[in-house]
Amino acid sequence: MNLSATLILAFGMSMDAFSASIGKGAVLHKPRFRDAIRTGLIFWLIEAITPLIGWALGFFTSQYIIEWDHWVAFTLLVILGGRMIMQGIRSEHNEDDEPVRRHTLFALVCTAIATSLYAMAIGVGLGFLQVNIFHTAMVIGCTTMIMVTLGMMIGRYIGPLMGKKAEIFGGVVLIGIGSNILYEHLFSVA
């Protein structure tokens with residue numbers, strides 16, 4: 001696989017994380033660039049590791065991973081998105097709530113895992129292509145870090161425009177990403 005093919009793959013795989021990070025940035029009260037970098041680094045680490053895990057699992061479990069990755073991603077994203085929507089609805093009724101200044105590590109890791117499960121399945125496929133998996137995983141991770149950091153900063157400007165509805169929007173985006181993952185898998189297999 002040449003560099004341009006690797007970059008196209010990495011860009012495509014980072015789109016779900018980019019969309020989720022816009023929602024994450026919109027929810028925060030004026031996220032700083034440092035917060036965007038922190039989020040980007042968490043997503044980078046997970047997005048770079050998951051193709052390596054998929055590659056290592058290889059032939060033995062590829063069918064199992066491919067059969068269940070979309071369900072796991074869908075479930076995680078719906079739970080996270082539903083939680084964000086509920087918090088957004090509660091905060092609309094409670095005007096005195098302190099604005100969210102930083103996402104918890106747990107919430108970021110769960111979102112990163114949910115948006116990177118396809119990378120694990122891709123890693124299984126890359127094992128058959130005789131590519132340098134470490135190079136490919138690093139390109140995927142770095143591209144995701146850039147896109148997530150950019151998404152957080154875009155969300156910074158969307159959040160004030162949306163006010164308290166930003167958290168509801170972020171939850172809807174996560175549920176939409178999960179639904180899209182499930183839809184694409186179910187209808188591409190059928």
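I began with burial: 46% of the chain's 190 residues count as buried (buried is under 20% relative accessible area, exposed over 50%, partly exposed in between, with a 1.4 Å probe and protein chains only). I am working with a predicted model, where local features need pLDDT of at least 70, side-chain atom pairs count only at pLDDT 80 or more, and totals for chains, interfaces and linings use all residues. Residues are numbered from 1 along each chain as its sequence is written, and side-chain values use heavy atoms, leaving out hydrogens and water.

**Overall layout**

I counted 5 helices and 0 strands. The order from the N terminus is α-α-α-α-α. Helices (H or I, at least four residues) and strands (E, at least two) are DSSP runs, numbered from the N terminus.

Next I looked up the surface. The accessible surface of the chain is about 9,900 Å², and 71% of this belongs to carbon and sulfur atoms. Such areas come from the Shrake-Rupley method with a 1.4 Å probe; for residues, only the protein chains shown count as cover.

Then I checked contacts (heavy atoms within 4.5 Å). Of those between residues at least 6 apart in sequence, 96% join residues at least 24 apart.

**The cores**

Which residues have the most contacts inside the largest nonpolar core? I found Leu77, Leu174, Ile177 and Ile181, in a core of 14 residues. Helices α1 (3-27), α2 (33-93), α3 (105-126) and α5 (165-189) each supply at least two residues of this core. A second, separate core has 9 residues, including Leu9, Ala10, Ala119 and Ile133. A nonpolar core is a set of buried Ala, Val, Leu, Ile, Met, Phe, Trp, Tyr and Cys residues joined through side-chain atoms within 4.5 Å.

I noted the general rule too: in soluble globular proteins, nonpolar side chains tend to be buried together.

Beyond four places in sequence, Ile181 is in contact with Asp16, His70, Ala73, Leu77, Ala114 and Tyr118.

I followed Ala114 into helix α3. Ala114 counts as buried because its relative accessible area is 1%. Setting aside residues up to four places away, Ala114 touches Ala73, Leu76, Leu77 and Ile181. Asp69 is 45 residues from Ala114 along the chain, yet their C-alpha atoms are separated by 9.0 Å.

Thr149 sits in helix α4 (residues 133-162). Is Thr149 buried or exposed? Thr149 is buried, because its relative accessibility is 8%. With residues up to four places away left out, Thr149 touches Phe33, Ala36, Ile37 and Gly40.

**Cysteines**

I found 0 disulfides, taking a disulfide as a pair of cysteine sulfur atoms within 2.5 Å. Cys110 is buried at 12% relative accessibility, whereas Cys142 is partly exposed at 36%.
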